[in-house]
Amino acid sequence: MDYLDEEQRRAITMKSSSIALQYKDYFVNLIDSPGHMDFCSEVSTAARLSDGALVLVDAVEGVHIQTHAVLRQAWIEKLTPCLVLNKIDRLISELRLSPMEAYNRLLRIIHEVNGIVSAYRSEKYLSDVDSMLSVAQSGDAGEENYELLEDDEEDTFQPQKGNVVFACALDGWGFGISDFAEMYVSKLGASSAALQRALWGPRYYIAKTKMIVGKKAIGNTSKARPMFVQLILEPIWSVYQATLEGDRGLLEKVIKSFNLSVPPRELQNKDPKAVLQSVMSRWLPLSDTMLSMVVKCIPDPATAQSLRLARLLPKRETFENGEMSDVLAEAELARKSIEACDSSTLAPCVAFVSKMFAVPTKMLPRGEILNNPTDDGDSGECFLAFARIFSGVLFAGQRVFVLSALYDPVKVESNQKHVQAANLQSLYLMMGQGLKPVPYAKAGNIVAIRGLGQHILKSATLSSTLNSWPFSSMVFQVAPTLKVAIEPSDPADMGALMKGLRLLNRADPFVEVTVSARGEHVLAAAGEVHLERCVKDLKERFAKVALEVSPPLVSYKETIEGDITTNPLENLKLFFGGNSEYVEKTTQNGRCVVRVHVFKLPTPLTKLLDESSELLGDIIGGKSGQALKSLETSRGSIVEDENPIEALKKRMMDAIESEFSSSDTESEKLRTFWKDLFKRIWALGPRQVGPNILFTPDSGKSVEASVLIKGSPYVSDKLGFCNIDNNNNNNNGLNESSDETLLREEAESLESSVLSGFQVATSAGPLCDEPMWGLAFIVEAFVSPPPTDDNSSTTTATHHHHHPEQYGVFTGQVMTAVKEACRTAVLQRKPRLVEAMYFCELNTPTEYLGSMYAVLARRRARVLKEEMQEGSPLFTVHAYVPVAESFGFPDELRRWTSGAASALLVLSHWETLLEDPFFVPRTEEEIEEHGDGSSMLQNTSRKLIDAVRRRKGLPVEEKVVQHATKQRTLARKV
């Protein structure tokens, strides 16, 4: 099903494609999704439309990072997984394992995969227990609720259950335990069910007594072979051995033993591989094995949709009133139709579009090309919607409503921008590369829809009624981190490039197209392979112009050196008591003095704020209806009936406790102190939701004849740490003069200027204008009255602030002073650069370990562990590689290891560079090692900062000396 030229050239899948299959009386929609980490977004779009998942694991290489990602995606989307262990033939022909060694290897892989799934189960179980305990403590629940918890210790994948298949896709054969159980029913005289249970695990067949016994009944277990080895693997091994060694007699004996009908002409083929393929594909046909497992183990659409309903359509909190009761009743009817997968024409039609994909117009069925104009003028591309029908019947030509994820059927007046009406032009069954037009499609089918190209950008819900809730948003495993700037080689082609970028943004579910502050068109992709394909599509399909692509734009963050863990409580008290170092700035007119204190937040709290940015945006922005959706996205799992704000508060306190491992008394004091601090959160930054906190200043501080800009704990109020109304019981000016009242009102009006200065400072730090990360600020801004002359009247002095300022608007001066003070405070507290890190998993033969480590050393990688894969000559190495050093890494690795090593990269975390970018030798040891520092090379941190500053056009301190040895002349003296 990999029909794209780039897929054929690289021999990997890049786009998920669907095919409709008929097996016996069943209709099966199969979606082939990519296995490369760069294209995991295609896995997410395919998972949303599926009822189950076939998880492929290489029998030689075992479990990879991508296996974890796929299993997690299946768990999030509540799919029923089945396991396929592929490339069994390599255990025989390449690794030369005996049947017993192969059995142990397969056993270990299945155990490892089950361990991954059980980890997700235990995460869900523990979150359920936490929610039960929190409810029980409030007195709203009894003991009976604990019976609802799922505590299923049984392994997910068990060959005897029929949900594991052992296969060789290249030669077209595969088998499940049930296939051999049916073969041996007559020979062993046992029932098929009994054999199916006995053919996996420590079960042994005694030929003399014709009995199946367990491990305890065998005296010498070292020589005994389990039934899986004796009755399944050994016959397969013998077929391979007979074919590859040319032993015709043994091969014919096996064919006769299993009653195979192989044409003599194929057996006489001189190529042993062809003979092997013809024998094995007839003996153990892969298609029958796979489809029978799908029919047996994966639930039908009606059953699957009832299991997945909580994920697809989470319960919404609604307040019923007389006017909305009909709307809610119809929305509930649509929900029940989806749960039952109602395929009648009377049921409301609901479908979900997981992605839009572009097809060349010439690939449409012939009649469709003539009858319908293209969606995008002369681009030659037609956009089709990749959709699944969850309820009702969808007809070609039908009028439907396109609902975005923010649509709310209850709020009619605010829904105009979240709903559109569209007419469906055509419906197609997808047959790999081909498209088969159909007049209609019922619930449970996957179809391609034409006519939605102008209405849907990435994904949406289709509904025949306006009174329906939209489906929840999809969860992507990684974020697009690789960014490049793109421009046309000929400036006259800028219009074509912009049009091509719009088409690419619609055609790829994961790509992001933005315009930077400098006016560059920035393309963000998941990795190098994904980026190469996007640029190739732009050049050849969408823009059709020559392009100039910049070097990758790497994102960094800025922070300070943290010393809070040495004596955390004392440091915090010192900081919030106002006795710590501060930076002071004064506005140009001298009326506002700004003092800024800064300290580093605990790393777990910083990571939590960073990961929960979407949820914080919904909570702070007042979108309570979307908060639960963001909680699901950020945690990657569904936690039923849990208040997202309470969950976030608990996680924030847990993050603080995980950082400080001190005595119980000290821990309790820290917890109380941070609880008080969380009641003073004025704002988060940058963009109101970042991992930096602005705390309100201590209202007890004052400077003579001035008023402190106090601020208000707005974010603390939204997060439920405090109530603003209860905190505003201050003096309302009863004992103040009119001048003091006006000054206090002016100070309150300047609060937004302090916030703006904080947001600007945290969005562009002092090192290289990159966002700040994990910092807490306290801004104390004191506003003094305007200067007055002795001869001036009271009226003039009172209303002086209404006159135009000599140095510009006063609010702007305050904002600038706050911004500069914050940046200077960071510079004085040992600033550090923070860079993104990839988690890298490498597989390499033993003889290339040295070359691999040399490549890792050149890339500033940090090796975590290395272990040899049991039963193979391969080493598995785990390492962290900086994103800035990862470009070209897989190619260099293949070049230095002659193609023997492979690497998988996935974004892991942000890590602080410990090097001081402004390092100058000061101590005796440093001066002895580096001298006075004039001849010392720049450290890595300073090199990275200077590179970013050059790219952004910021000044760089560097000495440029060219041809300093002698005067150059133009004369040529021989």
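**Loops, rings and charges in a predicted model**

Q: Where does R687 lie, and why is it called exposed?
A: R687 sits in the loop between β26 and β27. Strands here are DSSP runs of E with at least two residues, helices are runs of H or I with at least four, and both are numbered from the N terminus. The relative accessibility of R687 is 65%. Exposed means over 50% relative accessible area, buried under 20%, and partly exposed in between (1.4 Å probe, protein chains only), so R687 counts as exposed.

Q: What kind of model do these values come from?
A: The model is predicted: local features need pLDDT of at least 70 and side-chain atom pairs pLDDT 80 or more, whereas totals for chains, interfaces and linings use all residues. Residues are numbered from 1 along each chain as its sequence is written, and side-chain values use heavy atoms, without hydrogens and water.

Q: Which residues does the cis peptide bond join?
A: The bond joins G685 and P686, with omega about 0 degrees. P686 lies in the loop between β26 (681-685) and β27 (692-695). Most peptide bonds are trans.

Q: Why is the pair of W173 and Y240 called edge-to-face?
A: The search of the whole structure finds 18 aromatic pairs. In this one the ring centres are 6.2 Å apart and the planes stand at 65 degrees. Rings of Phe, Tyr and Trp (its six-membered ring) pair if their centres lie within 6.5 Å; planes under 30 degrees apart are stacked, over 60 edge-to-face, and the rest tilted. The pair therefore counts as edge-to-face. W173 in strand β6 (residues 173-175) and Y240 in helix α9 (residues 227-245) are 67 residues apart. W173 counts as buried at 0% relative accessibility, and Y240 at 1%.

Q: What makes F175 and F180 a pair, and of which kind?
A: Their ring centres are 5.3 Å apart and their planes are at 85 degrees, so the pair is edge-to-face. Both residues are buried. Ring pairs link F175 and F180 into a cluster whose members include Y103, F166, W173 and Y240.

Q: How do you know that E835 and R860 form a salt bridge?
A: Their closest N and O atoms are 3.1 Å apart. A salt bridge is a side-chain nitrogen of Lys or Arg within 4 Å of a carboxyl oxygen of Asp or Glu, so the pair qualifies. E835 lies in strand β30 (residues 831-845) and R860 in the loop between α31 (849-858) and β31 (862-868), so parts that are 25 residues apart in sequence are tied together. E835 is buried, with a relative accessible area of 4%, whereas R860 is partly exposed at 24%. Elsewhere, salt bridges that share partners join R48, E77, R308 and R311 into one network.

Q: How many salt bridges are counted?
A: The count comes to 29. D769 and R823 form one of them, the closest N and O atoms being 3.7 Å apart.
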